[in-house]
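Good morning, and thank you for coming. I shall present one structure today, and I ask you to look at the sequence and the model before we discuss them.

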Amino acid sequence: MIKKIIIFGVLVCLCSFTAKAGETDGMSLMDKTRYNLSETLHSGVYDLYIPLYAWHNRLTYDDEHIDKYNENPWGAGIGTSRFDSDGDWHALYALAFKDSNGYLETMFGYAFLKNWYFGAKKDFRAGVGFTLGVTQRHEYLYIPVPLPLPMAGIGYKRLDLQAAYVPGVKNDGNVLFVWTKIRFN
């Protein structure tokens, strides 16, 4: 059931990402993608990412694995982002942090959140979306591996709490990766 909800959420976000009103009317999917990447890259807005927690789903791990895994992913990241005319968030980012086994892991990618706003000033927001990128890990000899993940976030003005879920199998994957993002300008 949860997997179906996550898949549905990602599909909704992919559809909204490719069906922007206004600035991308009449563009092909490739042109919309190029436009969103270019606008995000040249936004002039910079972000700091701080990994907070890597929760290993207790329903899919035995105690032996839970006891040996690191759930404190010390590290940091930088990025550039923007809000489009619909209030949706687009970002390009790079992160480096300590993985579940205590080794360096990197992530580079593009992220998108379909946002809903709350309050009279619309300072509060919540969103669901996805990230598409690559990760590099010790056990894969730091060869870049594709990383399409569902994600969600809540935010207030320049501060966001975001998370992505890494699906997997018994004792592998099934990790909720949580970070905070601070926008500088």
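Which residue in S7 stands opposite Ala152? The residue opposite Ala152 is Ala163 in S7.

Before I continue, please note that this is a predicted model, in which local features need pLDDT of at least 70, side-chain atom pairs count only at pLDDT 80 or more, and totals for chains, interfaces and linings use all residues. Residues are numbered from 1 along each chain as its sequence is written, and side-chain values use heavy atoms, with hydrogens and water left out.

Let me begin with the strands. Helices (H or I, at least four residues) and strands (E, at least two) are DSSP runs, numbered from the N terminus. Two strands pair if DSSP finds at least two bridges between them. Strand S6, residues 145-156, pairs with strand S7, residues 159-166, in the antiparallel sense over 6 bridges. S6 and S7 form a hairpin with 2 residues between them, and Lys157 in the turn has a positive phi of about 50°. S7 is also joined by 8 bridges to strand S8, residues 175-183, and these two run antiparallel. Here Gln162 stands opposite Trp179 in S8.

I turn to Arg125, which lies in strand S5, residues 124-136. Is this residue buried or exposed? Arg125 is buried, with a relative accessible area of 7%; buried means under 20% relative accessible area and exposed over 50%, with partly exposed in between, using a 1.4 Å probe and protein chains only. The side chains of Arg125 and Asp160 are joined by a polar contact of 2.9 Å (a pair of N or O atoms within 3.5 Å; within protein, one must be able to donate a hydrogen and the other to accept it, and residues adjacent in sequence count only if both atoms are side-chain atoms).

Next, helix H2, residues 29-41. In H2, the residues Lys32, Asn36 and Thr40 are buried. Seen down the axis of H2, the buried residues fall within an arc of 60°, so they line one face of the helix; the arc is that of the directions from the helix axis to the C-beta atoms. In general, an α-helix has 3.6 residues a turn, so residues three or four places apart point the same way. On the face of H2 turned away from its buried side are the exposed residues Met30, Arg34 and Leu41.

That concludes my presentation, and I welcome your questions.
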